[in-house]
Amino acid sequence: MKKGFTLVEAVVAISILGIGVLALAGFFVASAQTTRHARQTTTASNLAQGLIDQETAKSYDELTPGTGTKTKISTDPASPFYIYQQQVNITLVDSNLATA
């Protein structure tokens, strides 16, 4: 009796291995997309917090009530912040928390 694999056994083994590698590759693609989305969400959150800090540092008299215009964080397409926009909407409230 000869020791070794037949051609059919080798083809079946390679096919099973190939299916496993393709499934693993799909996992890496999904993981990369999830990581990119999480990075963008974190960046947007940090930019928003910075904008909130800027606005809360102003005195009450410096605030202009109304809807602000949307502006890009960066106008340079090569900047990592190019995809983000900012807008500040200010509504004054009285001591009873009623809008003015």
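The following questions and answers go through selected residues and contacts of a predicted model.

Local features here need pLDDT of at least 70 and side-chain atom pairs count only at pLDDT 80 or more, while totals for chains, interfaces and linings use all residues. Residues are numbered from 1 along each chain as its sequence is written, and side-chain values use heavy atoms, with hydrogens and water left out.

Me: Which residues make the nonpolar surface patch of about 290 Å²?
Reply: Patches are made of residues with over 30% relative accessible area and no salt bridge, where like charges are joined within 9 Å and nonpolar side chains (Val, Leu, Ile, Met, Phe, Trp, Tyr) within 5 Å; the areas come from the Shrake-Rupley method with a 1.4 Å probe, and for residues only the protein chains shown count as cover. Val-12, at 44%, is partly exposed, and Ile-16, at 58%, is exposed, the classes being buried under 20% relative accessible area, exposed over 50% and partly exposed in between (1.4 Å probe, protein chains only). The patch is made by Val-8, Val-12 and Ile-16.

Me: In which helix is the place of Val-12?
Reply: Helices (H or I, at least four residues) and strands (E, at least two) are DSSP runs, numbered from the N terminus. Ile-16 lies in helix H1, and the place of Val-12 is likewise in residues 7-56, helix H1.

Me: How far apart in space are Ile-16 and Val-29, C-alpha to C-alpha?
Reply: Ile-16 belongs to helix H1. Between Ile-16 and Val-29 there are 13 residues of sequence separation, and the C-alpha distance is 20 Å.

Me: Which residue forms a salt bridge with Glu-55?
Reply: A salt bridge is a side-chain nitrogen of Lys or Arg within 4 Å of a carboxyl oxygen of Asp or Glu, and by this rule the count comes to one. With the closest N and O atoms 3.2 Å apart, the partner of Glu-55 is Lys-58.

Me: With which side chain does the side chain of Ser-79 make a polar contact?
Reply: Ser-79 is placed in the loop between strand S2 (71-72) and strand S3 (85-86), and it is buried because its relative accessible area is 17%. A polar contact is a pair of N or O atoms within 3.5 Å; within protein, one must be able to donate a hydrogen and the other to accept it, and residues adjacent in sequence count only if both atoms are side-chain atoms. At 3.4 Å, the side chain contacted by that of Ser-79 belongs to Ser-74.

Me: Over the ring of which residue does the charged end of Lys-72 sit?
Reply: A charge sits over a ring if NZ of Lys or CZ of Arg is within 6 Å of the ring centre and within 35 degrees of the ring normal. The charged end of Lys-72 is 4.4 Å from the centre of the ring of Tyr-82.
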